[in-house]
Amino acid sequence: MEAKNFAIWDYVVFAALFFISSGIGVFFAIKERKKATSREFLVGGRQMSFGPVALSLTASFMSAVTVLGTPSEVYRFGASFTVFFIAYLFVVILTSELFLPVFYRSGITSTYEYLQLRFNKPVRYAATVIYIVQTILYTGVVVYAPALALNQVTGFDLWGSVFATGIVCTFYCTLGGLKAVVWTDAFQMVVMFVGFLTVLIQGSTHAGGFHNVLEQSTNGSRLHIFDFDVDPLRRHTFWTITVGGTFTWLGIYGVNQSTIQRCISCKTEKHAKLALYFNLLGLWIILVCAVFSGLIMYSHFKDCDPWTSGIISAPDQLMPYFVMEIFATMPGLPGLFVACAFSGTLSTVAASINALATVTFEDFVKSCFPHLSDKLSTWISKGLCLLFGVMCTSMAVAASVLGGVVQASLSIHGMCGGPMLGLFSLGILFPFVNWKGALGGLLTGIILSFWVAIGAFIYPAPASKTWPLPLSTDQCIKSNVTATGSPVLSSRPAIADTWYSISYLYYSAVGCLGCIAAGVIISLLTGRQRGEAIQPLLIRPVCNLFCFWSKKYKTLCWCGVQHDSGTEQENLENGSAWKQGAESVLQNGLRRESLVHVPGYDPKDKSYNNMAFEITHF
């Protein structure tokens, strides 16, 4: 395939994205230069409002993999992706009502700090190491995959885009901290939406209007959205997307450092929840744009599929190829779409770098050096941003030699996210689970999710479960391309057509449920955790929803945790000794914050806030 090169205006539009993103980092570096504390740098001083945080969450959630991959998915498999509407709703509700209150009210900075408060240091460190490895690998692939797709279609320089992405993200993360990340994400979210909007308008115009798009998509079986087949081996059905999709995205959303860090940067818990719910609207808007882009793309290529005809070499190149065709006579607009795709990449990479710096500083540096000065701690935080920026960019270089393994590494986020979700669920929902159960459950979940995912990579699922909908090449210009048929399956073990063929969306569910089951069993065998020793702030008593009619059954389900010792506000006020003791355990001593610093309750706003965080100088 001959690449259609960018015009000068395309480069101008694309370069503007990088210059504005860098400018935001410089702005916050100058504006916040007098507030030189690690807390200000890593969590924005916990005074962010919900608007920019909501846009930032949406931008980071929707990487370039979404911008390029979701339209291609709809083009090949139909609009069943729309059912993610429901999964996103469940994910946001569970995050805001189940996980966020625990993290926000306990006053932590790293989500893994919770694991030490609830269990012990080994559990915290094990989870932190898994998160760091997982995020570096995933971020490298997120940088490389879209750069490769755009390079092969548009002629845009591959390594130029890879290094530009790494350098710019590292630059504004290191200079401006979380505030720069959040406000840059907000800007990039707008760019993503405008990019999608131009594609939708121009694409539907080429197709003769949305009515024609819907009619041709219906004729091509692309609008069969609800498939209620309960077979877990089917790639996409209503159940795999709603159930499996909820587990998958909750694992990388509800307990993910990148998401929770921005939520706890909000000035009140109410603002944090509003950020999540407004972010849900953003997720729905991006999903609708991506689905309609896929349908418009199908309408355009319905008689000549560029993938099966050999014009392009991979499905991820469909969207860039489509954009270069419909904007062939409109210089600057292809550059706007590339800016849209790379906005997703920039936001994901920046969020990852900032989150990696935060967990490393909170979980390792402050544990080893508890009495660092504010100035030194800020410089260390910036150095960590620089270090992880280099590591993520280097991982993108390594991804170039992985070949087919790239697709496998993309799923590592979900494979690790499921066991991590299970681990936090054990801590928050099961008061009797001890540290042995937590560690054993995490190990079991990791083994199960990696076992099924690696097995699926070695033995791909049967074509009957995953083969795309029909694609036509009737009106393509004939070329010397050999048609490809269904893959011929070599000798396969029996497990390959059952366990290894499970939908990829269930990988996270397998890891999560395996972790919970193993953790509960191990805890019961080794001696249950005494509920009296657990602070109520660390447990979310969801059993109250099911036992609301009986105080006896509610108390039984609390497993000894003193939820009835007073209101949660009183628990916060009376918990000073606990937090002070916990701080000596955690050694988070940089001008230590006592439990007076745990977010307090504002009766006027009916919400917990971060105004109670006061600095005590030692």
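Begin by selecting S503, a buried residue with a relative accessible area of 2%. The cut-off for the word "buried" is under 20% relative accessible area, so S503 falls within that class. The model on the screen is a predicted one.

**Stop 1: around S503**

Display its side chain and look for R235: the side chain of S503 reaches the backbone oxygen of R235 at 2.9 Å. Next, show the residues in contact with S503, leaving aside its neighbours within four places in sequence. These are P232, L233, R234, R235 and T240.

**Stop 2: the chain as a whole**

Now zoom out and colour the chain by secondary structure. The chain comes to 24 helices and two strands. Of its 618 residues, 58% are buried. Consider also the contacts in the chain with a separation of 6 or more: residues 24 or more positions apart account for 85% of them.

**Stop 3: helix 18 and helix 20**

Select residues 435-458, which form helix 18, together with residues 507-526, which form helix 20. The two helices pack with their axes 7 Å apart, at an angle of about 150 degrees. Angles over 145 degrees count as roughly antiparallel, and helix 18 is therefore roughly antiparallel to helix 20. Their crossing is right-handed.

Which residues make this contact? On helix 18, select among others G437, G440, G441, L448 and V452. On helix 20, the residues of the contact include Y507, G511, G514, C515 and I522. The residues of this contact divide into ten nonpolar, eleven polar and one charged.

**Stop 4: helix 5 and helix 12**

Move to a second pair by selecting helix 5 (residues 84-105) and helix 12 (residues 269-301). Their axes come within 10 Å and cross at roughly 160 degrees. That makes helix 5 roughly antiparallel to helix 12. Helix 5 passes helix 12 in a right-handed crossing. The residues of this contact divide into 17 nonpolar, three polar and four charged.

**Stop 5: helix 6**

Select residues 111-118, which form helix 6. How many of the eight residues of this helix are buried? Eight of the eight are, so helix 6 is largely enclosed by the rest of the structure. The buried residues are T111, Y112, E113, Y114, L115, Q116, L117 and R118.

**Stop 6: S258 in helix 11**

Select S258, which is found in helix 11 (residues 257-263). This serine is buried, with a relative accessible area of 11%. Show its side chain together with that of R262: a polar contact of 2.6 Å joins the two. Not counting residues up to four places away in sequence, S258 touches Y131, A351 and A355. S258 and S60 are 198 residues apart in sequence, yet their C-alpha atoms are 8.7 Å apart in space.

**Stop 7: S221**

Finish at S221, in the loop between helix 9 (210-219) and helix 10 (238-251). Is S221 buried or partly exposed? At 41% relative accessibility, S221 counts as partly exposed. Inspect its backbone as well: phi of S221 is near 65 degrees, a positive value in a residue other than glycine.

Notes:
Residues are numbered from 1 along each chain as its sequence is written. This is a predicted model: local features need pLDDT of at least 70, side-chain atom pairs count only at pLDDT 80 or more; totals for chains, interfaces and linings use all residues. Side-chain values use heavy atoms; hydrogens and water are left out. Axes are lines fitted to C-alpha atoms, for helices over the stretch in contact, and angles run from 0 to 180 degrees between N-to-C directions. Helices (H or I, at least four residues) and strands (E, at least two) are DSSP runs, numbered from the N terminus. Angles under 35 degrees count as roughly parallel, over 145 as roughly antiparallel, 65 to 115 as roughly perpendicular and the rest as oblique. A crossing is left-handed if the near helix is turned anticlockwise from the far one by less than a right angle, and right-handed if clockwise. Contact means heavy atoms within 4.5 Å. Ala, Val, Leu, Ile, Met, Phe, Trp, Tyr, Cys and Pro count as nonpolar, Asp, Glu, Lys and Arg as charged, and the others, Gly among them, as polar. Buried means under 20% relative accessible area, exposed over 50%, partly exposed in between (1.4 Å probe, protein chains only). A polar contact is a pair of N or O atoms within 3.5 Å; within protein, one must be able to donate a hydrogen and the other to accept it, and residues adjacent in sequence count only if both atoms are side-chain atoms.
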